[in-house]
Amino acid sequence: MKKTAADLVRHALEQLGVRHTFGIPGVHNTETYDALAGSAVVTPIRVTHEGNAAFMADAVSRTNDHVGALLIVPAAGTALAMAGIGEAYLDGIPMLVISGGTHGGHGFRYQLHELDQIEWVKPVTKGAWRVTRHRDVVPTLYEAWRTATRGEPGPVFVEIPVDLQMLPGEVDELPAFVPDAPSAAPDDALIERAARLLLAAERPGLFVGWGAVDSGEAVARIAEALGAPVATTLQGLSAFPGTHRLHAGMGIGPAAVPAAEQAFADCDVLLAGGDINPEVFGANYPAEIAIEGDARQVLPALAAKIAALGADGAATRAARAESVAGRIAAAKQAYRAEWLAHDGGGRVNPQRFFDALRATLPDDGFVVTDDGNHTFLTAELFQSRRARHLVTPTDFNCMGYGVPAAVAIQLTHPQQPVVAVVGDGAFLMTGIELSTAAEHGLGVVVCVFNDGELSQISQAQQLPYNRKACTVLPEIRIEGIAMAAGAAYLRMQSDADIERVLQAAHEQAAAGRPVVVDVHVDYSKQTRFTRGIVKTNLARMSVGNKLRLVARAAWRRVVAPA
């Protein structure tokens with residue numbers, strides 16, 4: 001039979017369970033956009049910027065059981081999408097990127113958008129393919145999908161030339177997609193060794209990341225059986241519910257919240273779970289036991305083994321759980337009281353904001369952050385309750401993620417509220433993507449933490465430089481951006497406004513209109529992360545560089561900076 005590549009892409013995406021593609025049509029992909037316009041399964045979503053499209057696809061993968069997909073033009077579209085592709089690559093998020101390609105059949109050179117995209121994207125993808133025959137379109141997309149979801153997930157890239165999309169060619173069949181077989185069960189001998197080591201520990205602890213996001217029940221069973229505290233990575237905040245008595249918070253070192261730092265201060269055996277990549281083992285710290293496998297298999301198996309071997313000493317571990325839980329609760333209460341007592345000079349107290357957000361948002365509501373000081377405030381002060389319902393991109397740390405990600409989450413979860421917490425600098429990058437939310441009647445709420453600075457960096461500048469270089473923003477009327485995007489605008493000036501404004505935001509969003517909440521936040525109190533990371537970085541410096549940095553900081557406080 002003869003089919004165009006555009007029709008073949010549509011068949012493959014329907015087989016793969018893709019619900020939306022994100023991107024912008026151009027001369028090298030309009031045939032595929034036209035094919036998808038007739039699909040009852042896949043809806044193409046036009047965005048304002050291909051970088052936002054990649055953030056949206058990333059967010060779909062983080063919060064759904066299907067993989068987010070891009071449909072972009074080559075060269076310029078790929079260049080703009082690279083920020084979101086890089087975010088997915090470093091965070092281990094599956095993503096399918098389909099790009100058009102220049103005409104390959106007429107032999108002419110120096111065409112519009114002509115460059116070698118495959119070599120270009122290799123450093124930030126798990127695999128990249130250029131299709132040159134019609135019969136390879138569907139098998140290549142299937143293989144790319146398997147690559148994206150196999151092992152440690154990540155983005156993949158498939159280029160399909162425009163002439164293949166336009167002109168029909170011979171294909172052998174239209175095969176159905178057959179997923180990979182389940183991965184092999186973990187090594188039982190290693191599971192037993194790990195169980196015995198943990199049971200013998202006097203002060204065990206659990207540290208889990210995004211890779212364990214679907215294994216919270218098993219993590220809880222292990223923690224309760226051992227009487228061990230549980231901390232998470234920044235990205236893995238939703239991997240363990242904040243309501244659990246043994247939940248200590250984010251991090252385990254000097255940049256962690258007090259409950260976690262104290263709970264892990266004398267840990268003698270640490271169970272770290274959440275990355276399927278074997279290259280992680282021993283990379284920074286030696287591991288006594290390394291178990292390669294999917295956390296969804298390994299952690300339940302470990303929980304069962306601990307239960308089977310743990311009869312002796314169970315009463316002691318139960319008493320330890322009570323003691324650990326009590327200390328965690330006391331440390332959390334003290335840290336919260338510290339924030340509530342802070343004088344913010346009439347601006348919005350972050351703890352009061354997050355208390356109110358938690359109170360007004362149902363457990364199945366989603367919160368997504370961007371990159372900035374607000375990210376760590378969310379991590380430290382907001383209680384995550386459900387897996388995959390708090391999204392915090394971390395490793396690539398690209399500003400601008402929050403708004404487009406929230407729009408995509410609302411698109412795929414229309415019955416659940418979605419709130420983005422973003423900094424003013426990040427909002428300036430991608431806030432106009434709310435026009436896409438307005439176009440599709442998506443009532444997403446975007447809370448802009450407005451302090452007039454790139455605060456995470458400006459705070460980091462203060463200690464060593466005693467001045468702020470290029471981190472103070474010009475006065476921006478956020479209301480104007482909201483109006484331009486078709487969003488409602490609400491202003492939160494002080495603590496007295498918090499509950500009223502959040503309630504109004506949720507009500508307007510429920511009617512299908514995006515809402516921007518201009519939060520005049522108080523950033524004068526630093527997060528534990530900000531304070532702790534300075535100490536950590538200093539500790540890693542050589543003595544000479546450390547003395548130089550400290551001397552400069554001291555001198556800058558004696559002599560006003562130029």
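Is Asn397 buried, partly exposed or exposed? At 36% relative accessibility, Asn397 counts as partly exposed, where buried stands for under 20% relative accessible area, exposed for over 50%, and partly exposed for values in between (1.4 Å probe, protein chains only).

## Basis of the model

The model is predicted: local features need pLDDT of at least 70, side-chain atom pairs count only at pLDDT 80 or more, and totals for chains, interfaces and linings use all residues. Residues are numbered from 1 along each chain as its sequence is written, and side-chain values use heavy atoms, with hydrogens and water left out.

## Backbone sites with positive phi

Asn397 is not a glycine, yet its phi is positive at about 50°. Asn397 belongs to the loop between S14 and helix H15 (402–412); helices (H or I, at least four residues) and strands (E, at least two) are DSSP runs numbered from the N terminus.

Arg388, also a residue other than glycine, has a positive phi near 70°. The loop between H14 and strand S14 (390–391) holds Arg388, and with a relative accessible area of 19% Arg388 is buried.

## Aromatic pairs

The structure contains nine aromatic pairs, a pair being two rings of Phe, Tyr or Trp (its six-membered ring) with centres within 6.5 Å; planes under 30 degrees apart are stacked, over 60 edge-to-face, and the rest tilted. One of the pairs is formed by Phe354 and Phe449, which are tilted at 55° between the planes and 5.9 Å centre to centre. This pair links distant parts of the chain, with Phe354 in helix H13 (residues 350–360) and Phe449 in strand S16 (residues 445–449), 95 residues apart. Phe354 is buried at a relative accessible area of 0%, and Phe449 is likewise buried at 0% relative accessibility. Phe353, Phe354, Phe382, Phe449 and Tyr523 make up one aromatic cluster.

A ring is also involved at Trp339, where the charged end of Lys525 sits over the ring, 5.1 Å from its centre. The criterion is that NZ of Lys or CZ of Arg is within 6 Å of the ring centre and within 35 degrees of the ring normal.

## Salt bridges

The structure has 29 salt bridges, each defined by a side-chain nitrogen of Lys or Arg within 4 Å of a carboxyl oxygen of Asp or Glu. Arg135 and Asp172 form one of them, with their closest N and O atoms 3.5 Å apart. Arg135 is partly exposed at 34% relative accessibility, whereas Asp172 is exposed at 60%.

In the salt bridge between Asp180 and Arg146, the closest N and O atoms are 3.6 Å apart. Asp180 is in the loop between S8 and H8 and Arg146 is in helix H6, so the pair ties together parts that are 34 residues apart in sequence. The relative accessible area of Asp180 is 38%, making this residue partly exposed, while Arg146 is buried at 17%. Salt bridges that share partners join Glu143, Arg146, Arg150 and Asp180 into one network. Glu322 and Arg245 also meet in a salt bridge, at 2.9 Å from N to O. Glu322 is exposed at 51% relative accessibility, and Arg245 is partly exposed at 33%.

Glu380, in helix H14 (residues 373–381), is buried but has no salt bridge, the nearest side chain of opposite charge being Arg531 at 6.2 Å. In this assignment Lys and Arg are positive, Asp and Glu are negative, and His and the chain ends are not counted. The side chain of Glu380 reaches the backbone nitrogen of Phe529 at 3.0 Å. With neighbours within four places in sequence left aside, Glu380 is in contact (heavy atoms within 4.5 Å) with Val257, Tyr335, Thr527, Arg528 and Phe529.

## Surroundings of Pro229

Pro229 is located in the loop between helix H9 (216–226) and S10 and is buried, with a relative accessible area of 3%. Beyond neighbours within four places in sequence, the contacts of Pro229 include Pro204, Leu246, Phe264 and Ile328. The C-alpha atoms of Pro229 and Ala259 are separated by 9.5 Å, the two residues being 30 residues apart along the chain.

Conventions: Polar contact = N/O pair within 3.5 Å; in protein donor to acceptor, adjacent residues only side chain to side chain.
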